[in-house]
Amino acid sequence: MDTTIDPQATVGRLVTERPGRSRVFEALRIDYCCGGRKPLRDACATRGLDPLTVIELLRKADAEGGRSEDMVDADALSLTDLADHIEREHHAYLRTELPRLDAMTEKVYRVHGAAEPR
């Protein structure tokens, strides 16, 4: 996995490349939506953050997002076990993730809705 993160890359681009990075930016209160055109270095300066520390947090998020030990061999599961796995892993994930995405969608609508009715 390429762990190179360019501090001159825009925060919007970094999230586009790996959406899981959005959580790091949200925790640090770095705007990757309307402020998404800002280079990471500048976004860090605005928040008084060390860019190298933020890059390390982004690398950790990247590494956690693709753990091979979490992979399940669906072919080896019975239909019941597969259904249980889907419910436990994916439905539970969506129950926590969808409210966050809904709040983000509402925010984008409030900020951009008048100019962009779609």
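Predicted model: local features only at pLDDT ≥ 70, side-chain atom pairs only at ≥ 80, totals over all residues.

A9 sits in the segment before α1 (11–17), where helices are DSSP runs of H or I with at least four residues, numbered from the N terminus. With a relative accessibility of 16%, A9 counts as buried, buried meaning under 20% relative accessible area, exposed over 50% and partly exposed in between, with a 1.4 Å probe and protein chains only. The C-alpha atoms of A9 and L40 are 6.0 Å apart, although 31 residues separate the two along the chain.

Residues are numbered from 1 along each chain as its sequence is written, and side-chain values use heavy atoms, with hydrogens and water left out.

Turning to the second largest pocket, it holds about 300 Å³ of space, a volume being the space filled by probe spheres set on grid points that are joined across faces, edges and corners. A pocket here is an open set of points on a 1 Å grid over the protein atoms alone, where a 1.4 Å probe fits, with protein on both sides within 12 Å along at least five of seven lines; lining residues have an atom within 4 Å of a point. Its lining has 13 residues, with D31, Y32, C33, M104 and K107 nearest the centre, and α5 contributes the most, five residues.

Finally, L101 lies in helix α5 and is partly exposed, at 34% relative accessible area.

Note on methods. Helix = DSSP H or I, 4+ residues; strand = E, 2+ residues; numbered from the N terminus.
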